[in-house]
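Open the model in your viewer and keep the selection tool at hand. The tour goes from one selection to the next.

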Amino acid sequence: MLRGARVTHVVSEGNSGDEVVEWLRKKGRGCLDAPGKEPALLDLSWFTEAMSAGWPVKVEPRHCLQVTARAEKQKDKAQVAPYACQRRSPLAHRNPMLTEALETVAEEAYFCGNEGRSLAFSRAATVLKSLTCTVRSVSELSALPGLGVHCKRILQQEVLEDGTSAEVERIRQSDRYQTMKLFTKMFGVGVKTASQWYQEGLRTLQDLQMRCTKLSREQQAGLLHYTDLSTPVERPEAEAISQLVREVAERYLPGTSVTLTGGFRRGKRSGHDVDLLITHPVESREEGLLSKIISWLHSQGFLLYQNSCRNTFQPFKMEVQEASGSAGSMDRFEQCFSIFRLADRPGGPRGDAGAQKPGASSSRKAVRVDLVISPYSQFPFALLGWTGSRNFERDLRRFARQEKKMALNSHALYHMEQKIFLPAASEEEIFQHLGLEYIPPEERNA
């Protein structure tokens, strides 16, 4: 109904209050945002009664369409920031079905070498992870940043309406996708190698062994311990490894700190590997410590595989790379990529390693462990970088460059216009330098 130039009553049949609100907004009805002038949203029962009476009857609660926290939801939408580092993403979020669909498409694009497309779907998923409400209708997607036409088509035409996506299911059931997932889970195997093996007709772990495919030392270890390395590491196991390394480090350098990072620091109960960040409060005292830790672990039979590299970070090169726009390596710490022997498992298969089936492990449970040595002055940056998530860190670096003209990596924060390095004694200070609200680790699961 119209009264003067103002809409006073809106009647709808078969629509929810939320759907009517969204329709009115798309029609440009500014009265929805004018306090005290919102029209009454009514179902057909009010109109029927009004027609019978011959005039507009009094609006009763039973006539009104229900709007689910309209003001609250519109506020939430308006506050969805464009960068993942500006949003809080808890471990358990409200839209897992939607994010899993988008992440599957992102993974498939990555397997095909299309990193740009993969990144677009991945970023869209991070937006949904930060929402405080469950997305239940197509209209709720319109105000969200980062959701392109393809993303919306998957979500609105299929997942939200049918509960599943035909496109996503085709990907999950495809021979190539399943083979690529199998091979890329193998320690030492990236997308390029996995794709090459697929093109050669390899489909299983047995194929790798039977066809005498040439494997690197790292890949040989990955194939031998495939089953263990594909099995999630539980938090008690990660903490046991962390405690062992802490005791060994303390043996050689009292005062050393060992921090469990990665997904475990973000609150996860399990993960695919264990990341340990090692430092000492006296600068440079940490030099030479890693080799001692590795030597002791090896002598005690804890290491099934290890590959170490030295610290190659050079601040001057970071300045030159950022000035030229060159991307450079994000992490140049001294570190060891290893496979730990966690513990003996009673009744496990023993015997000669060469006689084991591919992917089978011995009675010694194999766990991926990364040991990273950080100078104390770089520790806050290393802690931030190694905590993740990958999407959170990627957007943090993107925000620094695009919004603040700064370059951030796991070693330092460099102001490109002032040409200075900005020191920080904590993660909180890094966020302050960037003008961002501090987000605790457990809410960085973008």
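A residue counts as buried when its relative accessible area is under 20%. Keep that cut-off in mind for this predicted model.

Select glutamate 237 to begin. Its relative accessible area is 19%, so glutamate 237 is buried.

Next, select glutamate 103 and lysine 129. Their side chains meet in a salt bridge, 2.7 Å from N to O. Glutamate 103 sits in helix α4 (residues 96-111) and lysine 129 in helix α5 (residues 115-129), so parts that are 26 residues apart in sequence are tied together. Lysine 129 is buried at 12% relative accessibility, while glutamate 103 is partly exposed at 31%.

Move to helix α7 (residues 166-173), where arginine 172 and glutamate 169 lie 3 residues apart, about one turn of the helix. They form a salt bridge, with the closest N and O atoms 3.1 Å apart.

Now show Arg88, Glu437 and Glu443, which are linked in a network of salt bridges. The count of salt bridges comes to 13.

Finish with helices α8 (residues 175-184) and α9 (residues 191-199). Their axes come within 9 Å and cross at roughly 130°, which makes α8 oblique to α9. The crossing is right-handed. Residues making the contact include Met180 and Phe183 of α8 and Trp197 and Tyr198 of α9. The contact residues divide into 6 nonpolar, 3 polar and 2 charged.

Notes: Residues numbered from 1 in each chain as written. Predicted model: local features only at pLDDT ≥ 70, side-chain atom pairs only at ≥ 80, totals over all residues. Heavy atoms only, no water. Axes fitted to C-alpha atoms, helices over the stretch in contact; angles between N-to-C directions. Helix = DSSP H or I, 4+ residues; strand = E, 2+ residues; numbered from the N terminus. Parallel < 35°, antiparallel > 145°, perpendicular 65-115°, else oblique. Left-handed = near helix turned anticlockwise from the far one by under 90°. Contact = heavy atoms within 4.5 Å. Nonpolar A, V, L, I, M, F, W, Y, C, P; charged D, E, K, R; others polar. Salt bridge = Lys/Arg side-chain N within 4 Å of Asp/Glu carboxyl O. Buried < 20%, exposed > 50% of the residue type's maximum accessible area, 1.4 Å probe, protein only.
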